[in-house]
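Reader: Hello! Could you show me how to read aromatic pairs in a protein model?
Author: Gladly; let us open the structure and go step by step.

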Amino acid sequence: MAAPEQAIEALLLEHRVFPPTEEFRARAHVTDTGVYERARRDPEAYWAEWARELEWFEPWSQVLEWRPPHAKWFVGGKLNAAYNCLDRHLKGPRRNKAALIWEGEPGDERVYTYWDLHREVSRFANVLKSLGVRRGDRVAIYLPMIPEAAIAMLACARIGAVHSVVFGGFSAESLRDRILDAEARVLVTADGGFRRGRPVALKEAADVALRETPTIRHVVVVKRGGGLDVPVRMMEGRDHWYHDLMAEASAQCPAEAMDAEDLLYILYTSGTTGRPKGIVHTTGGYMTQVHATTKWVFDLHEEDLYWCTADVGWVTGHSYIVYGPLSCGASVLMYEGAPDWPDRGRFWRLIEKYGVTIFYTAPTAIRAFMRWGTDWPARFDLSTLRLLGSVGEPINPEAWVWYHEHIGHGRCPIVDTWWQTETGAIMITPLPGVVPTKPGSATIPFPGIQAEVLNNEGQKVRSGFLAIPAPWPSMLRTIWGDDERYRQTYWSKWPDIYFPGDGAKIDDDGDFWLLGRVDDVLNVAGHRIGTMEVESALVDHPAVAEAAVVGRADELKGQAIAAFVTVKEGVEPTDTLRKELRQHVAEKIGAIARPDDILFAADLPKTRSGKIMRRLLRDIAEGRALGDTTTLADPAVVARLKSEYEEKEG
Ligand code: WT7
């Protein structure tokens, strides 16, 4: 197993360069590097030009008002995100174009044209209104990957309600905490969905959350259909079937004129404390940057069929399944389930069946495909593909090259896109028609975006921390209900410079190499998990006295979760308890946070001031020689732990 240092070395020994092919360049939107210079000279004029591709009900009076760390973009402008994703396209030839092509895991299919989607969204917007939802109210959405997820989001946007989508894989407790933090008034959920052939019961989990969410007045429940059979209890007066309400609702619903800075959504993400942060995104700047990046990064053309494999519960699903592609008038493929159901050819079968041209996925998925072997993709016709994308974590050069060869057949450029929930949209990425790519490098900032690599003192260095020194349109505006935490987390490392929490290097060509998180945030299979969240979940168990959680390198998932647990006096540290603890974390947070390793430790390595030395725990979990242990209160503790860990692994 590669230790991160080795992985990073491998990354930096990578010298292959893949310039755009002539064939790709010939039709690309951007073929001239002049755009970078133009954007640099006058970023505000450049972003205003992009904003004008959207339809505004009222113009803005000022492009940017920057009072660090708070930005306002397109001040005074009025627009509606759903209107820009739907109504704008009804006026021309896109009206009957497929907006959403959906396939469920069992193979059921639905297609919505732009006009269809407009009707469904308008109907659901009226449903929300009939349930008392007003501008600015929060609506929680806890759904599987079904079209109703996009419909519910856009319906909120249409009436100016703020959606908070909670990933369907999160536990009842996680849902409860997010509902409470946002004080959501309505919850939209489903009886369930499918994952690897098994039904996932969502309403049942929601019911557990709903016992402690007094702010929720109404629950709308989508019936997944397609043979799904999970029991659902409906509470009279509170719970309503989606199809019943939709049957009564009018398909006429005017889009509210929202201020550019009105909230579009809140999306929770993990930080360095036990409490997730509600990342706040607003309307005008967000829509402008997701529109721009979708069009240029994916080189989106009218006849493309675009597929992003993310879940709508993550920011990638928000920006690059719903808002960006629909704003561009694209045809979007949406798939509900797992890549290995009913077999490991499912993704490639979907690409062949629908003729996908643009495919955007995560390195962890690519590494799984590699492991499953080249025979699977080789069985299918992937010749419609013309562009591949990667997002979520650093892509190792080996996976990049495999993706290029076995999926792209050497023909498709790969866009490795660096961004975050907080940035809202892609920040560092090649433009596929002009920027030569290197396996493992996200290359350069998107035109109009600035990025630097700084040290702790804020000096430019070749290797250090990624930094964003200027505001960008789709930046988070604050953390919901906690502006102080917003300042502390992102703006306190350097004055007026955004700190994303990633390590980075910059090479001789000025290309960026992202090196992973430098804080206590893990990236497990592209999912962001706070070590503190997992620690709190463990300590919540009655048998646990203390817990320390670290990430260790994992070939498939990027990082795996290693937990060091001290049990209370008199508790027997057994295998059964280990299983119980893993299950406990899954129930508290969600299956994605279930620890991979649990080591029972009599003591944890601490400094004399009592601070747990995670660095040493990482050394242990990754099988490295122990670093400096001189500051430890009791150096014997760590040596003992190391041999115990090795014994367990061996
Ligand atoms: C973190 C953000 C962006 C949407 C999905 C994840 C890591 C993301 C890349 C990339 C290297 C990447 C960073 C970042 N990350 N994309 N192309 N190369 N690292 O969003 O859950 O907010 O996580 O994912 O560490 O900080 P997120």
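Author: Let us begin with the rule: rings of Phe, Tyr and Trp pair if their centres lie within 6.5 Å. This is a predicted model, and ring pairs in it link Trp-307, Tyr-335, Phe-347, Trp-348, Phe-359, Phe-369, Trp-372 and Tyr-403 into a cluster.

Reader: How many aromatic pairs does the structure hold?
Author: There are 43 aromatic pairs.

Reader: How is a pair described?
Author: In general, a pair of aromatic rings is described by the distance of the centres and the angle of the planes. Here, the ring centres of Tyr-320 and Trp-419 are 5.1 Å apart and the planes stand at 85°, so this pair is edge-to-face.

Reader: Which parts does the pair of Tyr-320 and Trp-419 tie together?
Author: Tyr-320 belongs to helix H13 (residues 315-327), while Trp-419 sits in the loop between strand E20 (414-417) and strand E21 (452-454), so the pair ties together parts 99 residues apart in sequence.

Reader: Are these two residues buried or exposed?
Author: Buried means under 20% relative accessible area. Tyr-320 has 0% and therefore counts as buried; Trp-419, with 9%, is buried as well.

Reader: What about Trp-472 and Tyr-498?
Author: They form an edge-to-face pair, with 5.1 Å from centre to centre and 70° between the planes. Both Trp-472 and Tyr-498 are buried.

Reader: Which residues lie over the faces of Trp-102 and Trp-241?
Author: Arg-110 lies over the face of Trp-102, 5.0 Å from the ring centre. Over the face of Trp-241 lies Lys-223, at 4.6 Å from the ring centre.

Notes: Residues are numbered from 1 along each chain as its sequence is written. This is a predicted model: local features need pLDDT of at least 70, side-chain atom pairs count only at pLDDT 80 or more; totals for chains, interfaces and linings use all residues. Side-chain values use heavy atoms; hydrogens and water are left out. Rings of Phe, Tyr and Trp (its six-membered ring) pair if their centres lie within 6.5 Å; planes under 30 degrees apart count as stacked, over 60 as edge-to-face and the rest as tilted. Helices (H or I, at least four residues) and strands (E, at least two) are DSSP runs, numbered from the N terminus. Buried means under 20% relative accessible area, exposed over 50%, partly exposed in between (1.4 Å probe, protein chains only). A charge sits over a ring if NZ of Lys or CZ of Arg is within 6 Å of the ring centre and within 35 degrees of the ring normal.
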